[in-house]
Amino acid sequence: MAIDQKNDGQCESAPIVVDGLFLMFVKTRPAECSACGFDLKKVTRPRCSECGEELTLEI
Ligand SMILES: [Zn+2]
């Protein structure tokens with residue numbers, strides 16, 4: 001009598017991208033684009049509005 005408690009074999013580890021978190025981060029501390037040095041306080045999306053570099057949080 002074997003009871004398989006695994007409902008499914010899925011083990012999703014997709015990263016959750018929260019734009020709001022990024023925006024809060026760049027507003028609460030100095031941050032600039034790693035590619036061009038653009039002031040990220042002015043961006044409204046996790047992407048540099050100056051050079052188009054996709055931005056990620058680096059702590
Ligand atoms: Zn840039």
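With which residues is Val26 in contact, once its neighbours within four places in sequence are left aside? In the predicted model, the residues that meet this condition are Ala31, Leu40, Lys41 and Val43. Val26 itself has its place in helix H1, and the residue counts as buried because 20 C-beta neighbours lie inside 10 Å, the cut-off for that class being 20 or more.

The secondary structure consists of 1 helix and 0 strands, and of the 59 residues of the protein, 7% count as buried. Among contacts between residues at least 6 apart in sequence, 15% join residues that are at least 24 apart.

Attention may then be turned to the segment after H1, in which Pro30 lies. Pro30 counts as exposed, because 8 C-beta neighbours are found inside 10 Å, where the class of exposed residues takes in those with 12 or fewer. The C-alpha atoms of Pro30 and Leu40 lie 7.8 Å apart in space, at a distance of 10 residues in sequence; Leu40 is also one of the residues in contact with Val26.

Cys36 is likewise placed in the segment after H1, and with 11 C-beta neighbours inside 10 Å this cysteine counts as exposed. When residues up to four places away in sequence are not counted, Cys36 touches Cys48, Glu50, Cys51 and Glu53, so that two cysteines, Cys48 and Cys51, are included among its contacts by the criterion of C-beta atoms within 7 Å. Between Cys36 and Gly52, which are 16 residues apart in sequence, the C-alpha to C-alpha distance is 9.6 Å.

Glu54 lies in the segment after helix H1, the helix that spans residues 19-28. This glutamate counts as exposed because 9 C-beta neighbours are present inside 10 Å. Its contacts, not counting residues up to four places away in sequence, are with Pro46 and Arg47.

Key. Residues are numbered from 1 along each chain as its sequence is written. This is a predicted model: local features need pLDDT of at least 70, side-chain atom pairs count only at pLDDT 80 or more; totals for chains, interfaces and linings use all residues. Helices (H or I, at least four residues) and strands (E, at least two) are DSSP runs, numbered from the N terminus.
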